[in-house]
Amino acid sequence: KLTSLALQPVVTPELVQGRVHLKCTFSRPSSKVPLQYMVVWSRLSTPGKKEQIQRDTTLQSFSYVEMNGVNLKLGDTVFCIVTAFTRDTLEQQSLPEESKGFYAGIKFLPESLQIAEDGKEHVLTVLSTVPIACPGHIDSCKITLQLSTEDLGKNSQLLGPPNIALSACQVDLLRAPCSESSCAAAALTVTAVTDFAQDGNHISRIRAEPVGWRDLLWRAYTPKDVKVTVRDLPTGNCYSFTDPHIITFDGWRYDNYKIGTFLLCRSMSRAFEVHVRQWDCGGHRSATACNCGVAAR
């Protein structure tokens, strides 16, 4: 057998004649004996199990496989294994060397989020690890992703109203030169909805779906969801009740028996305020006002 040759195979994406391919590149060792290489392509079919999709024998230090949407699809994690052997006989061969897995598709970074109901914005990056082909027109060199959110409740099973807000309902991934596992990227922000309710932590998810794309490679593809854990934070409470008695956020108590429209509370950090309207509800012996209306903006 040949000794270990440090072939160091690497999988990278590339456009070949307008179609998406993956390229397995490896080092050509210095050897006096003429060598050729066997490249075996495989994809992760189930966790821990790989399925062979192509086998090549080449004199070059690279090999291609096409992502045709049938044998190799978006969402696959792809590997290549390279073995060198002498041209004269297959018996003298090196130890096989496997590349790191290459995920082909849409990625969210970070892959999951843990945020709190504190009004802070969190940046979520959306990127494509494969190049975007341009069928005919330059304005088609993008992938549009429709985004949606869904609250899974406290136990990740009961659906509820959205517990997170996105800065955009769709993003465009514009074609760009591939660099550092990214061939197109966009960013948006995620914010937890402050619901002023002590309802515990919630799990939400963000979904993305390619729209308006007729290519088989993208048409049948749905990216992985992003899991967002929203941590519930305690909120203050103020009260105005009966005729009316008022309790402030910090616990002070007082009465307001006057008739009219009053500003009950106003946020100092965002555009939010609550107005109340009080009207006469007493008899002839006493002048008493009661809440008869409320408005928030």
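Guide: K23 lies over the face of F62, 4.9 Å from the ring centre. This is a predicted model, in which local features need pLDDT of at least 70, side-chain atom pairs count only at pLDDT 80 or more, and totals for chains, interfaces and linings use all residues. Residues are numbered from 1 along each chain as its sequence is written, and side-chain values use heavy atoms, with hydrogens and water left out.

Visitor: What makes K50 a charge over the ring of F79?

Guide: A charge sits over a ring if NZ of Lys or CZ of Arg is within 6 Å of the ring centre and within 35 degrees of the ring normal. The charged end of K50 is 4.0 Å from the centre of the F79 ring and sits over that ring.

Visitor: Why is the pair of F62 and Y64 called edge-to-face?

Guide: Rings of Phe, Tyr and Trp (its six-membered ring) pair if their centres lie within 6.5 Å; planes under 30 degrees apart count as stacked, over 60 as edge-to-face and the rest as tilted. For F62 and Y64 the centres are 5.9 Å apart and the planes stand at 70°, so the pair is edge-to-face.

Visitor: Why does F62 count as partly exposed?

Guide: Buried means under 20% relative accessible area, exposed over 50%, and partly exposed in between (1.4 Å probe, protein chains only). F62 has 30%, so it is partly exposed. Y64, at 26%, is also partly exposed.
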